[in-house]
Amino acid sequence: MPIYQTTSFVFDSTEHAAELFALRTYGNIYSRIGNPTVAALEERMASLEGGLGAVATASGLAAQLVAVLCIAQAGDHLVASASLYGGTVTQFTVTLKRMGIGCTLVPGDDPAALAAAIMPNTKALFTETIGNPLGNVADLEAWATVAHEHGLPLIVDNTFASPALCRPIEWGADIVVHSATKFLGGHGTAIAGVVVESGRFPWNAGKHPLLSEPSPGYHDMNFAETFGEFAFLMRARAEVLRDVGAALAPMNAFLVLQGVETLPLRMKAHVENARIVAAFLRERDEVAWVNYAGLPDSPFRELAKKYLPDGAGAVFTFGLRGGREAGRAFIETLDLWSHLANVGDAKSLVIHPATTTHQQLTEDEMRAGGVTPEMVRLSVGLEDPDDLLWDLERGLRAAAAVAARDTVGAQA
Amino acid sequence: MILTTVSQRRDLLARSRTVAMVGASPNPTRPSYFVFSYLRTRGRLDLSPINPAVAQIDGVKAYPSLEAYAAERGAPDIVDVFRKPADAPAVARAAVAAGAKAIWFQYGVINQDAIDIADAAGLDVVVDRCIKVESARFDGGLSIGGLNSGLITARRPAQFGAPRH
């Protein structure tokens, strides 16, 4: 795959340039809007997710922003799962709120609760396939049914599953977003995002005037009328990505493309190692609980069997006895596991969400998202599992020593 | 025959040259103009607007009817239909009379009588598809736009394959 490391593209003629700018022909103008290397990633992601097309972005957060701004504006509203990545919660409840787009966070997948949160100005429902960090598996069919009954699209963040484990469009999702930084890229080398759209949602039904009414951002073009099933994808690129400016760099698209080539092999190995690590932790006295949907007694077992038959991913949480201090000793003892704020890397990663990824959330938001002080999040990589368990064993012993010391101290 | 598969549409486009576009509009905000302009500037197909209200679109001579087109140009390879579904049977009868080899009903132009008329007369029939999108599927246009062509191939279409930069 060539890397088109260029800002702009030579036009064939003035007529060709005019046709490109008028969106009447396909081709490249400027890499903020499209680039051949980026387009290769977009088409492959659309193919993998079963979508009509895709728009790649500079990050996963940018992908969400492009998806939301394509269908919602000031005065509009979203309904989202309460169990989301902390950065998504702040994007929705702080930044989008400042832009006039409201958001109601709903715990769980109860259809009645979701329906009750929908207002006349609601434009979309949003959930993660596997919630971060709670590890809940969304009942995608239930979400899609409620959304469609209200004439709304369902947006699903499929980052933790990847299309190798789940394809939300097959379960009714209309838009899929990814942080391609994670399992898609797979090696912790590039920040990237992508929006995939199914092409099935009726954008012209009256609920989404940004797509079905003349757009002043594009000489009063009516995207739904002009582009039919391509309306969302055309506006997402030609107007939203153009104006937001969060384009994916060609070099980063190349790095993600390299990752995608081995995605099914890596996901299989990630899942195998995650099962081994989860089973190990469950048997340990130092561990209060393990929340992995791949475990037989997980409350999400049935949903995982339905939506993630090949495995519930490789990111999960567990609770250490001894609370915050034990957690600190555990993480600081680990040598093989990298302590950093990412997931979906070939290397195994560990973090303490309450003090890092979800630190900006209020206590109520943390509770709703299932983030507790003793929680440790793991992203299980591709190393030899014996080495991973060896390192965890060292960490658990250090945590136990701290817990014992604190207990003795409390008694003295 | 009603063409339903991707390869049937690819073969139809590959063997066709002349296209009579019924309902082609000179209004630059109309979908039919997008299709006309795209195919005209791509240059492979020989397009003619069929529209009694205009003499030409972008310098391409328009004909008031398929009958008038056939009298001057002979039978078109494809009649491409941008009309409301209720008008489609009349267009289908005119296409048969003009000797068209195929009729292509654009997105939403769905009328069973029209389909039956063309099919019974031996025309190849495409329904609820866009001739621009299908052309772009096979010439690399969809792919360069980040759209899913549905084609998984190591062979890059030459036309969009190597942008200059």
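**Strands, domains and a helix**

Tutor: Let's start with one strand pair: strand E11 (residues 349-351) and strand E12 (residues 375-379) of chain A run antiparallel and are joined by three bridges. Two strands pair if DSSP finds at least two bridges between them. Strands (E, at least two residues) and helices (H or I, at least four) are DSSP runs, numbered from the N terminus.

Student: Before more detail, what kind of model is this?

Tutor: It is a predicted model, where local features need pLDDT of at least 70 and side-chain atom pairs count only at pLDDT 80 or more, while totals for chains, interfaces and linings use all residues. Residues are numbered from 1 along each chain as its sequence is written, and chains are lettered from A and ligands numbered from 1 in the order in which they are written.

Student: Thanks. Which residue in E12(A) is the bridge partner of Ile351(A)?

Tutor: That is Arg377(A).

Student: And what sheet has E11 and E12 of chain A in it?

Tutor: An open sheet of five strands with mixed pairing, in the order E8-E9-E12-E11-E10 (chain A). Strand E8 (287-291) and strand E10 (338-339) of chain A are at the edges with a single partner strand each, so one side of each has no neighbour in the sheet.

Student: Switching to E7 of chain A: why is it largely enclosed?

Tutor: Because five of the five residues of strand E7 (residues 193-197) of chain A are buried, the rest of the structure largely encloses it. Buried here is 20 or more other C-beta atoms within 10 Å of the residue's own, exposed is 12 or fewer, and partly exposed is in between, with C-beta atoms placed from the backbone.

Student: Which way do they point from E7(A)?

Tutor: Gly193(A), Val195(A) and Glu197(A) point one way, Val194(A) and Val196(A) the other way, and all are buried. In a regular strand, side chains alternate between the two faces of the sheet.

Student: Which strands are joined to E7(A) by bridges?

Tutor: Strand E1 (residues 53-57) of chain A runs antiparallel to E7(A) with five bridges, and Thr57(A) has Gly193(A) as its bridge partner. Strand E6 (residues 175-179) of chain A is also antiparallel to E7(A), again with five bridges; there Val176(A) is partnered by Val196(A).

Student: Zooming out, what does the domain assignment of chain A give?

Tutor: Domain 1 (14-259) and domain 2 (263-411), with bounds from an automatic or database domain assignment. Taken over C-alpha atoms, the centres of these two domains of chain A are 30 Å apart.

Student: How many residues of the two are in contact?

Tutor: 32 residues of domain 1 of chain A are in contact with 37 residues of domain 2 of chain A, contact being C-beta atoms, placed from the backbone, within 7 Å. Helix H4 (86-98) and helix H7 (162-165) of chain A each supply at least two residues of the domain 1 side.

Student: Last one, chain B. Which residues of its helix H4 are buried?

Tutor: In helix H4 (residues 88-97) of chain B they are Ala88(B), Val91(B), Ala92(B), Ala94(B) and Ala95(B). Their arc around the axis is only 165 degrees, which puts them on the same side of H4(B); the arc is that of the directions from the helix axis to the C-beta atoms.

Student: And what comes just after H4(B)?

Tutor: Gly99(B), with a positive phi of about 80 degrees.
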